[in-house]
Amino acid sequence: MLDVATELFHRLGYFQTGIAEINRRAGVSKGVFYHYFPDGKLQLVRSVLQRDYDNANNMMNEFFKDNDVETATKLFIDNLKNKVNTPDYSTVRMSVLFSEMMEAKDVDPEIVSLAKKTYSMLEDHIEEKLTAAGFDKNTAYRKAKLINAMIEGSVTIGIIKESTEYLEIVSDSLKDILDGSK
C-alpha cells in the first residue's frame, strides 16, 4: 500500500488521490486499508512522507559520512539530477507533496514537523561540515542556507522546465560559494 500510495501521491497529489484507487491498485480491501491506517488517508500520507524522509536521510548520511562538503553536496545534486524527470523521483516530488499538504486548511502538526526536518536536513549536514572545516558558525549557517535554497529552487524549476540545467549550475558554483573567509 505504501508503494502504491507513494506513486499516486507524488503523481496526482494528496487531494486527487483516493483511498479506493490506492486499494484497487494495491489489491487490498477497504477493511485491510483501515486495519493498517485507522485514521485514514492522512495517516497514510504521514507514513509515506516519513518513509521518504528516512530514505532521503539515509542517503544524505552516506554522502556526507566520508566526503568533504563540496563532494558530498555534488553527490546529492547528482542524485537529484538523475531523479528529476524520471519515474523514480520520490525524493524530489516529496517537496511538492509537502507544499500541497501545507496549503491544506487544517495543517497536520506531524506533517509540518516532518517538513521542517526535511527542509533543514541538507543545510544541517552542510553547516556541520563547514563548521568542522573551520568556518565560523554564522558563515557556515548562511552558506548552508544559501546552498539549500539554490538546490530547492533548482529542483522546482527543473521539474517545471524538465531540465537539470539549474542543478548543474549550482553544482558548478559550489566551489565559489564554499571558498571565502572562514
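Analyst: The N-terminal end of α8 is capped by Asp136, with a side-chain oxygen 3.1 Å from the backbone nitrogen of Asn138. This holds for a predicted model, as does everything below.

Helix α8 covers residues 137-161. Its length can be checked: at 1.5 Å a residue, the 25 residues should span 36 Å, and the end C-alpha atoms are 36 Å apart, which agrees. The buried residues of α8 are Thr139, Ala140, Lys143, Ala144, Ile147, Asn148, Ile151, Ser154, Val155 and Gly158. The spacing of such positions can be read against helix geometry. An α-helix has 3.6 residues a turn, so residues three or four places apart point the same way.

Helix α5, residues 69-83, packs against α8 at an angle of about 10 degrees, with the two axes 11 Å apart. Angles under 35 degrees count as roughly parallel, and α5 is therefore roughly parallel to α8. On the α8 side the contact is made by Ile147, Ile151 and Val155, and on the α5 side by Thr73, Phe76, Ile77 and Leu80. Sorted by class, this contact holds six nonpolar residues, one polar residue and no charged ones. Ile147, Ile151 and Val155 are also among the buried residues of α8.

At the other end, just after α8, comes Glu162, with a positive phi of about 55 degrees. Glu162 takes this phi although it is not a glycine. The residue sits in the loop between α8 and α9, the latter being residues 165-178.

Helix α4, residues 41-65, and helix α7, residues 109-132, pack at an angle of about 5 degrees, with axes 10 Å apart. This angle makes α4 roughly parallel to α7. The α4 side of the contact includes Leu42, Val45, Leu49, Tyr53, Phe64 and Lys65, while the α7 side includes Ile111, Leu114, Met121, Ile126 and Lys129. By class, the residues of the contact of α4 with α7 divide into 12 nonpolar, five polar and five charged.

Two residues of this second pair can be followed individually. Lys129 lies in helix α7 and, at 22% relative accessibility, counts as partly exposed. Leaving aside neighbours within four places in sequence, Lys129 is in contact with Phe64, Lys65, Asn67 and Val69. Leu44 belongs to helix α4 and counts as buried, at 0% relative accessibility. With neighbours within four places in sequence again left aside, Leu44 is in contact with Leu2, Ala5, Phe9, Ile22, Phe33 and Phe37. Of these, Ala5 is 39 residues from Leu44 in sequence and 7.8 Å away in space, C-alpha to C-alpha.

As for the setting, the chain has nine helices and zero strands. Buried residues account for 43% of its 182 residues. Among contacts with a separation of 6 or more, 65% are between residues 24 or more positions apart.

Key:
Residues are numbered from 1 along each chain as its sequence is written. This is a predicted model: local features need pLDDT of at least 70, side-chain atom pairs count only at pLDDT 80 or more; totals for chains, interfaces and linings use all residues. Side-chain values use heavy atoms; hydrogens and water are left out. Axes are lines fitted to C-alpha atoms, for helices over the stretch in contact, and angles run from 0 to 180 degrees between N-to-C directions. Helices (H or I, at least four residues) and strands (E, at least two) are DSSP runs, numbered from the N terminus. Angles under 35 degrees count as roughly parallel, over 145 as roughly antiparallel, 65 to 115 as roughly perpendicular and the rest as oblique. Contact means heavy atoms within 4.5 Å. Ala, Val, Leu, Ile, Met, Phe, Trp, Tyr, Cys and Pro count as nonpolar, Asp, Glu, Lys and Arg as charged, and the others, Gly among them, as polar. The expected span of a helix is 1.5 Å times one less than its number of residues. Buried means under 20% relative accessible area, exposed over 50%, partly exposed in between (1.4 Å probe, protein chains only). A polar contact is a pair of N or O atoms within 3.5 Å; within protein, one must be able to donate a hydrogen and the other to accept it, and residues adjacent in sequence count only if both atoms are side-chain atoms.
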